[in-house]
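This report describes a predicted model.

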Amino acid sequence: MQTLSDLVAAGREREGVLFTTPERSAPYSYRDFCTNVWKGGNLMRHYGVREGMAVAVVVGPKNPTDGDEPGYLRDCPDGLLALLSATLDGAVADIAPGTEVDATALVAPAAWLDRYELAPGTKALAYGGPSEDPTVAGFERELWSENPLQPPGERAPDDPALRDDNGTYSHEEVLAASERVVEEYDVDAETTVAFRAPVTSAGAVVAGLLAPLRAGATVRFGEDAASDLAVATSESESPEKAVVRPSDVV
């Protein structure tokens with residue numbers, strides 16, 4: 001396993017549940033999520049996403065309320081799906097974009113799009129909503145009609161994949177970090193992982209998404225009950241006995 005494309009392809013062959021949330025009536029299976037990552041990659045290619053480009057991704061709920069903040073998962077993994085989709089096209093997923101976005105595309109909740117000033121040529125794709133702006137593409141709506149095949153192109157292990165406020169990380173760097181998390185915390189197919197940290201750092205993506213995806217674990221978000229392992233910024237923020245802090249991962 002050398003690139004995130006390999007990780008997604010392997011996850012598509014897994015049985016079982018990848019995500020659960022109290023706000024979603026049915027769990028999200030490995031096969032459905034990874035197939036939709038492929039679809040997302042093909043969708044982004046329609047809007048010009050290619051190797052070496054940047055895609056800004058804002059993780060959040062479909063329909064944010066006043067108490068919601070960018071980065072926190074509550075009811076949907078669309079932001080996680082989008083960041084992986086971008087990497088499958090060879091782009092860098094910027095998971096901590098500022099309010100001025102100079103990227104090939106921005107993927108964000110429709111309700112938050114007015115927070116961002118887009119550079120000329122940046123395409124906005126929204127989940128939730130829908131957006132009233134006719135220039136904004138509906139990420140979820142267009143996703144369903146996309147080709148459910150792996151996006152074309154070959155990725156290399158040293159290609160850049162994720163960017164946060166601390167730097168840019170390659171495919172091999174985040175995969176190696178995910179393997180360390182799996183080994184250190186004994187993550188396997190029976191493990192439940194509570195994703196309580198904001199998805200604004202590479203460490204959060206590695207511990208809360210890539211490590212569970214590698215091991216076949218189930219990720220929970222928006223859940224108060226304790227899981228086997230938490231991804232959180234501090235031990236005091238979660239009821240879990242075992243906590244991995246994103247800052248310790250990458």
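Helix H3 (residues 78-88) is largely enclosed by the rest of the structure, because 11 of its 11 residues are buried. Buried here means under 20% relative accessible area, exposed means over 50%, and partly exposed lies in between, with a 1.4 Å probe and protein chains only. Helices (H or I, at least four residues) and strands (E, at least two) are DSSP runs, numbered from the N terminus. The model is predicted, so local features need pLDDT of at least 70 and side-chain atom pairs count only at pLDDT 80 or more, while totals for chains, interfaces and linings use all residues. Residues are numbered from 1 along each chain as its sequence is written, and side-chain values use heavy atoms, with hydrogens and water left out.

The buried residues of H3 include Asp78, Leu80, Leu83, Leu84 and Leu88. Asp78 has a relative accessible area of 9% and is therefore buried. Leaving aside neighbours within four places in sequence, Asp78 is in contact (heavy atoms within 4.5 Å) with Lys62, Tyr127, Phe139 and Glu140. Just after H3, Gly90 adopts a positive phi of about 90 degrees.

H3 belongs to a right-handed β-α-β unit together with S3 and S4. A crossover is right-handed if, with the strands pointing away from the viewer, the path from the first strand over the helix to the second runs clockwise. In strand S3 (residues 54-57), Ala54 and Ala56 point one way and Val55 and Val57 the other, and all are buried. Two strands pair if DSSP finds at least two bridges between them. S3 is parallel to strand S4 (residues 92-94), with three bridges, and Ala54 stands opposite Val92. S3 also runs parallel to strand S6 (residues 105-109), again over three bridges; there the bridge partner of Val55 is Ala105.

**Nonpolar cores**

A nonpolar core is a set of buried Ala, Val, Leu, Ile, Met, Phe, Trp, Tyr and Cys residues joined through side-chain atoms within 4.5 Å. The largest one has 66 residues, and those with the most contacts inside it are Phe33, Leu83, Leu84 and Phe139. Helix H6 (residues 202-215) supplies the largest share of this core, 10 residues. Another core, of 14 residues, lies apart from it and has Leu106, Ala108, Leu113 and Tyr116 among its members.

Beyond its neighbours within four places in sequence, Leu83 is in contact with Val57, Ala93, Ile95, Leu162, Val199, Val205 and Leu209. Met44, in helix H2, counts as buried because its relative accessibility is 1%. With neighbours within four places in sequence left aside, the contacts of Met44 include Val55, Ala82, Ser85, Ala86, Asp89 and Phe139. Met44 and Leu113 are 69 residues apart in sequence, and their C-alpha atoms are 18 Å apart.

**Salt bridges**

A salt bridge is a side-chain nitrogen of Lys or Arg within 4 Å of a carboxyl oxygen of Asp or Glu. The whole structure contains 10 salt bridges.

| Pair | N to O distance |
|---|---|
| Arg45 and Asp89 | 3.7 Å |
| Glu140 and Lys62 | 1.9 Å |
| Arg74 and Asp68 | 2.4 Å |

Arg45, in helix H2 (residues 30-46), and Asp89, in the loop between H3 and S4, are 44 residues apart. Arg45 and Asp89 are buried. Glu140 lies in helix H4 (residues 139-143) and Lys62 in the loop between S3 and H3, so their pair ties together parts that are 78 residues apart in sequence. Lys62 counts as partly exposed because its relative accessibility is 25%. Arg74 and Asp68 are both buried, and salt bridges with shared partners join Glu23, Asp68, Arg74 and Asp75 into one network.

**The six-stranded sheet**

An open sheet of six strands has mixed pairing and the order S2-S1-S13-S12-S14-S15. Its edge strands, S2 (28-29) and S15 (243-244), each pair on one side only. Strand S1 (residues 17-20) runs antiparallel to S2 over two bridges, where Phe19 has Tyr28 as its bridge partner. H6 packs on the sheet, touching S1, S12 (192-195), S13 (218-220), S14 (229-231) and S15. The direction of H6 makes about 155 degrees with that of S12; axes are lines fitted to C-alpha atoms, for helices over the stretch in contact, and angles run from 0 to 180 degrees between N-to-C directions.
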